[in-house]
Amino acid sequence: MSAGEKVITNPVKANAGWKELPIGGIIPQGGTARGFFTGGWRSLTPVWDAEKCISCLQCWIFCPDMAIQVEGGKMVGIDLDYCKGCGICAAACPPRTAAIKMVNEGA
Amino acid sequence: MAVKQKTVAESHAITGNEAVAYAMRQINPDVVAAYPITPATEIVQIFSNYHADGLVDTEMVLVESEHSAMSATIGASAAGSRAMTATSSQGLLLMHEMLYVASGTRTPIVMPVVNRAVSAPLNIHCDHSDTMGSRDSGWIQLYGENAQEGYDNLIQSIRIAEHPDVMLPVMTMTDGFITSHGMENVFLLEDEEVQAFIGGFKAAYPLLDTDNPVTFGPVDFTDYYFEHRRQVFEAMVNAKQVILDVAKEYERLTGRSYGFFETYRLDDAEMAIVVLSSAAGTTRFVVDQLRKQGMKVGMLKLRVFRPFPATELVEALKHVGAIAIMDRADSLSGEGGPVGAELRAAFYNEEKRPKAVNYIYGLGGRDVTIHHIESVYKDLANILETGVVGPTVRHLGVRE
């Protein structure tokens, strides 16, 4: 995803008062997670080995955010802006493939 | 409640639960998700018969708990449907977490609740501890004296909840067993009249409208949460006018008038009882008896507890010398019940205010008899005569 696609036009004005905000916390727009980068929470980073990867896309299915990048049905990389380092992708990767390893960023 | 249009011959002898279920059939909600609990079980049981007989278009969701019942109802409402459920006591308590989600997400759910005591000890009979425990959850609360009011309140609630100035969930109460299982004459509207009165529901942001995707239930931290809660405050204030407007329109349809409360022989009263729900019937009878003996007694029966009509209550009661505020629930603050606390607080800045005592009564379905109510008026007479209030919290009908 290009940097431009990550900028969303928020229908809710920044610092809007209670009279201006849509009620109930509703955001009258879909796909707003594109503009919310959970990568800042990360302490473990997934390292992907393209050579080992069989593009089974288990990681894409299980990723709770949108970090797994897929093009033409193939895994092409990990967008760390959306990776909070939970490690589900590494756990979901078939053991005999083991294309994703979690690495401690602090190490 | 003045009945002008229909005669007794046109009424139907049904129980409170039957009246509420009948209203639900006439409302014909899109979704009902429910789990059974005494004494509210019959409402959905009877409704499910209507469903099985093809008399409603409702999608029934039979869930595994009340937490799920409320969750599914919230989801259905957010999806853009008119969604209902029903419960009582422990069921309402199990919903507690989701009650706040319903009001905070502004889903206009309508839920009949049959008032019942809460455990422990285990008790299935009437008191108001269940719904009084939900009083801060952002739900509008309407208390009904009898089956007729349970029926009328439920139909009006649809309009109140879905009004654009409100968009809050509403719970309508009847007293467990006393009203829910007691048979009375009830005036029922025609199905077409109910449908014309409630109209259709069109959600502003239906979650299932995939052409216009929306986000429900996002995280809302220090930057926006307070503003969203401020909106709920405003909606609750707005609900006051909407409740009155809807009642006026309902009166034009039925001849039965409703407001925040009903007053009975209160205008010239020196002593008054403030009471909710079925005990008002007993109180009204005692007022008539004591009036015959020359005692200037009256009653105020509170219908709307959320929003709390503080200004109007003060206006209605400020001329009275002494009032007894009846609570069928104990806040366990050591200072009485919720109605007692809030009504006395309403008078705080008033120069002229009645002396007030708070009675906890009828817990766990303990009978409240005419003798109990008479004793309360006699206590008030004694307060007026001596000028001494004495204990401000008293327990009526408990063995020493």
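Analyst: What follows goes through the sheet in chain B strand by strand. The model is predicted, so local features need pLDDT of at least 70, side-chain atom pairs count only at pLDDT 80 or more, and totals for chains, interfaces and linings use all residues. Residues are numbered from 1 along each chain as its sequence is written, while chains are lettered from A and ligands numbered from 1 in the order in which they are written.

The sheet is open and has six strands in chain B, in the order E9-E11-E10-E13-E14-E15. Its pairing is mixed. Strands here are DSSP runs of E with at least two residues; helices are runs of H or I with at least four; both are numbered from the N terminus. Two strands pair if DSSP finds at least two bridges between them.

The edges are strand E9 (261-264) and strand E15 (393-396) of chain B. Each has a single partner strand, so one side of each is left without a neighbour in the sheet. On average, neighbouring strands are turned by 25° against each other, direction ignored.

Four bridges join E9(B) to E11(B), residues 297-302. The two strands run antiparallel. B:Thr263 stands opposite B:Leu300 in E11(B).

Axes are lines fitted to C-alpha atoms, for helices over the stretch in contact, and angles run from 0 to 180 degrees between N-to-C directions.
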